[in-house]
Amino acid sequence: MPITLSRRGFTAGGIALAAAGFGTRPASAQQQRMVLGTYGGDTQRYIEDLIVKPILEPKGIATVIEAASDAPRRLKLQAERRLPRGTYDVVHNQAAILYQLYQDGLLDELDVSRIPAYDKILPVVKTGYAIPHTVTARAILYNPAHVSPAPSSYDDLWNPKYANKVGLINPHYNMALSSAALTSGGSMSNYEPGKAKLLELKKLGVQVYPSNEAFGQALQTGECWIGLMIQSRGIMWKRQGVPIEIAYAKEGVPMDWWGFGIPKNARNKDAAYEFINASLTVQAQTGWAAAMWSPPATSTGLDALDPQLSRLMELPEAFRGKLLDVDPAYIAKTDGANKEWWDRVFKA
Amino acid sequence: MSRKLRTGLTAAGLLGPALALTCLFLLVPLTILFWVSLNEGYPASDGAGPLSLAGYVKVIADPYYLDILLTTILMALGITALALFFALPIAHFLARSQSRFKSVFLLAVILPLFVGNAVRAIGWMIALGERGVFNTIVTGLGFGGPYKIIYTGTAVLIGAAAVNLPYMVLTLQSVLERISPAVEEASISLGATPFQTWRLVTLPLMALGLLAACTLSFILSMNAYATPVLLGGPRFRMMGPAISDEIIVKNNWSVGAVLAFILILVTLTLTIALNKALTRGIAAPAR
């Protein structure tokens, strides 16, 4: 039998459907929603697998992940600074950028009474404005087939034998500058002596790669033999079959870290604290270490780490007393000028 | 209501929504961007300082930015010339083809447009790398190498010309389709060589289409972003990536805004100048 529907009947049906839709709203409102600004690729995948799915979803917190690199996230926070409600509830950035955001008044001072595991955070990466997520050491990656003996100093990158086979990475200009500074009388709070040193390297011949991935590919193909990178990437690439070994510099081993902060105009701060607490659980910290090869940022995470995994990431005995802190205040003060120098002088 | 008024109101009604959207999503953001460009040091200055053209003066007087602008203009001209070199024969072939596979050929030209610029650039990265397809073939054939192409201006030239090629081919092909083959045949029957026919008959008839294709390619190249970033590497500089770098990486919005307006002005000026020069050339009697 054909169904006939009058215009009035159609309108009434539409209203009824809309009302039914409204009726379902209270149920969906029980689920909280938060937005995390983080990196894409593996980082996003492991955050979903280790934090979002196993810990937050059972608590009724739906996490929307907005993936981008550090700089666009900072830009968005600044563009939205006057808005009462911003895009992000939690932002994931490098330590120096988190410091800058905090200095610019964009991040909340954390209420540590809401973070039970705050006391377990390693003192070297503990701040009042961000929760560390991963800590990793700076390393020299080299191809043992071409670089011999194994490098023991940042100065080994200046060996004329490796001219044109040394790789630096464009976004990591601060890593290049500070390493050059450490080997020429500078420090983690004074990169200036590194500039003249880097110009010597430029004269010898150096490749500047646009990304970590491009550098990894160059190591893989033999286009590049030696360069600077964080230890966790080195371990990952080595396990993926890139022909490299990992060495550390006698001048000191800077510790880079990444973490989470809560923007002042976050919409859902309760969910943001839930996320931060989930990231500090032993399960998330050790899971991350196993997936991304960077040591946990909490003492409880370190204690629970699989000994085999721990051995893979631990620094050789000789370098354990040579750990250096990155100075975020110095980077915040000099970053603009250093980037200008890198673009206009070094890369010219 | 008079008929004239009614027609006017209908036209206003039809144009109104598009005009409102343009104002809202183009003119308002451009006005804000212009305000940022007049606020030197923004966002660090927080817009507290006086509005001035000092940012423009500084950028124009800075050889670093002038070099980037010059590279951009030269690259846009080079990319347009290279794309035209390949587009002309393809468009001629498509326009004159009687093959039953003509629609397949046309689809082959359009297909790259289904894939984003960035994805195509990644394809070129693989093809032009030191161990890529090109170097493997060249080295295998005994022509030396491997040659450094990736992260150079040459790679950008190739990649961007490939991006612009479909637009040029489609524009030229649609113009050539409208030129009757009988006109060319008449020229040949009167004793002209094929090249003379092309130069004295086909070229003047397709000149406006040529102009449109070149303008499109030039504007696209002046504003290119993904291709220069991915294929040019860290040392190669064009305006699009430089604007992004100033705003996103260096956090220097005012300089980024100044560069954006300079790029808009230069692109508009050069497009108008090129159009005028070419139109004059078209209008001049062929000898």
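User: Before we start, what does "buried" mean here?
Analyst: A residue is buried if 20 or more other C-beta atoms lie within 10 Å of its own, exposed if 12 or fewer, and partly exposed in between, with C-beta atoms placed from the backbone. This is a predicted model, in which local features need pLDDT of at least 70, side-chain atom pairs count only at pLDDT 80 or more, and totals for chains, interfaces and linings use all residues. Residues are numbered from 1 along each chain as its sequence is written, while chains are lettered from A and ligands numbered from 1 in the order in which they are written.

User: Which residues of helix H10 in chain A are buried?
Analyst: In H10(A), residues 282-292, they are A:Ala284, A:Gln285, A:Thr286, A:Trp288 and A:Ala289. Helices (H or I, at least four residues) and strands (E, at least two) are DSSP runs, numbered from the N terminus.

User: What covers them?
Analyst: The cover includes helices H2 (41-56), H9 (269-279), H11 (299-304) and H12 (307-313), together with strand E4 (131-142), of chain A. Such cover rests on contacts, and two residues are in contact if their C-beta atoms, placed from the backbone, lie within 7 Å.

User: And what follows H10(A)?
Analyst: A:Trp293 follows H10(A), and its phi is positive, near 65°.

User: At what angle do H2(A) and H9(A) pack?
Analyst: The angle is about 115°, and the axes are 10 Å apart. Axes are lines fitted to C-alpha atoms, for helices over the stretch in contact, and angles run from 0 to 180 degrees between N-to-C directions.

User: Which residues meet there?
Analyst: From H2(A), A:Ile51, A:Ile55 and A:Leu56 meet A:Glu274, A:Phe275, A:Ala278 and A:Ser279 of H9(A). By class, this contact has five nonpolar, one polar and one charged residues. Ala, Val, Leu, Ile, Met, Phe, Trp, Tyr, Cys and Pro count as nonpolar, Asp, Glu, Lys and Arg as charged, and the others, Gly among them, as polar.

User: Zooming out, how many helices and strands has chain A?
Analyst: Chain A has 13 helices and 10 strands. Of its 348 residues, 42% count as buried.

User: New topic: how many residues does each chain give to the contact between A and B?
Analyst: Chain B gives 11 residues and chain A gives 13. On the side of chain B, helix H11 (residues 239-249) of chain B gives the most, with three residues.

User: What is the mean pLDDT of chain B?
Analyst: The mean is 90, and 97% of the residues of chain B reach 70 or more. The term pLDDT is the predictor's confidence in each residue, from 0 to 100. The model scores ipTM 0.78 and pTM 0.83.
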